[in-house]
Amino acid sequence: MKSTSSQSKAVAKGPDDGAESRTAGKRGRPAQRRRAGPGRPEGVSNVRDEILDAAEIEFANLGYAGTSLRNVADAAQVTQALINYYFGSKYGLFEEVFLRRGRQIAEDRVQRMDALRRSGTPPSVENIVRAFLMPALSIRATAAGRTFMRLQARLHTEPPEISYKLRNEAYEPSTRLFTEALQAALPHLSGKDVYWRMTLMIGAYLYAFSDTHRLEEMAPGIVNLDDPDEILNAITSFVTAGMLAPSPGDTGPSPPGSVKG
């Protein structure tokens with residue numbers, strides 16, 4: 001007759017013991033838990049957000065092609081299976097990482113434009129520019145927001161099949177809203193000129209807000225990249241002057257408020 005201790009040992013070891021040891025310290029697909037109320041089981045949203053936070057850093061540092069689900073799984077201390085469970089694929093993860101903050105910026109822009117239009121007076125070019133830039137600058141106020149700004153700047157170097165869809169989904173409606181406002185505020189410019197200057201403003205803010213430049217090295221002790229007012233005033237004055245400049249080849253009178261000489 002076998003001893004009780006032998007039976008216990010036989011029962012204690014199951015077919016999944018090896019798998020558990022290989023994923024020690026990592027979280028797998030969540031088991032069903034008691035719900036605190038309507039919605040998802042407790043703890044699920046936190047794990048999902050942790051995966052998004054870890055992926056945001058990896059994608060910002062390595063780009064889409066350079067990041068693997070293994071990188072993200074290791075950083076988030078979860079299994080790759082759990083990432084697939086929540087997001088379906090690497091692209092699905094990348095999409096949600098980008099749209100999470102991209103949509104926030106776009107919604108903030110729309111609200112600011114609505115506020116300008118409700119003011120009762122036609123918005124100035126400077127106010128339109130500030131309303132467009134402020135949401136991205138506000139995101140940059142946190143460490144996670146700065147990571148996103150680097151990710152967004154990097155997105156513009158990703159293949160079109162990856163970047164265009166995401167950029168259009170996040171920003172197309174709000175960008176068109178601001179382009180239309182600039183066309184109304186800049187009647188001396190053609191539609192082509194306004195679209196060019198809108199594109200140049202986007203390029204300028206992506207570079208300035210992404211911390212990928214060498215400004216602190218070129219001007220040590222002169223500039224303060226942690227001062228949002230300094231950054232906003234610098235880029236707003238630069239972009240506004242560019243917006244108000246005469247159309248290329250235009251030899252007629254300069255528009256009111258434009259830069260001369």
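Is Glu 95 buried or exposed?

Modeller: Glu 95 is buried, with a relative accessible area of 18%; buried means under 20%, exposed over 50% and partly exposed in between, with a 1.4 Å probe and protein chains only. This is a predicted model, in which local features need pLDDT of at least 70 and side-chain atom pairs pLDDT 80 or more, while totals for chains, interfaces and linings use all residues. Residues are numbered from 1 along each chain as its sequence is written, and side-chain values use heavy atoms, without hydrogens or water.

The partner of Glu 95 is Lys 165, and their closest N and O atoms are 2.8 Å apart in a salt bridge (a side-chain nitrogen of Lys or Arg within 4 Å of a carboxyl oxygen of Asp or Glu). This pair connects distant parts of the chain, since Glu 95 belongs to helix H6 and Lys 165 to helix H9, 70 residues apart. Glu 169 and Lys 165 share helix H9, four residues apart, or about one turn of the helix. Glu 169 is likewise partly exposed, with a relative accessible area of 36%.

Helix H6 takes part in another pairing. Glu 56 forms a salt bridge with Arg 100, with 3.5 Å between the closest N and O atoms. Here too distant parts of the chain are linked: Glu 56 is in helix H3 (residues 44-66) and Arg 100 in helix H6 (residues 90-118), 44 residues apart. Glu 56 counts as buried because its relative accessibility is 2%, whereas Arg 100, at 26%, is partly exposed. Across the whole structure, a search finds 14 salt bridges.

Glu 158 is buried yet has no salt bridge; the nearest side chain of opposite charge, that of Arg 154, is 5.4 Å away (Lys and Arg count as positive, Asp and Glu as negative, with His and the chain ends not counted). Beyond residues up to four places away in sequence, Glu 158 touches Gly 63, Tyr 64, Ala 65 and Ser 163, where contact means heavy atoms within 4.5 Å.

Gln 152 lies in helix H8 and is buried, at 1% relative accessibility. Setting aside residues up to four places away in sequence, Gln 152 touches Phe 98, Tyr 171, Tyr 205 and Leu 206. Tyr 205 is also one of the residues that touch the most other members in the largest nonpolar core, a set of 61 residues (buried Ala, Val, Leu, Ile, Met, Phe, Trp, Tyr and Cys joined through side-chain atoms within 4.5 Å).

As for the chain as a whole, there are 12 helices and zero strands (DSSP runs of H or I with at least four residues, and of E with at least two, numbered from the N terminus). Of its 261 residues, 36% count as buried. Among contacts with a separation of 6 or more, 70% come from residues 24 or more positions apart.
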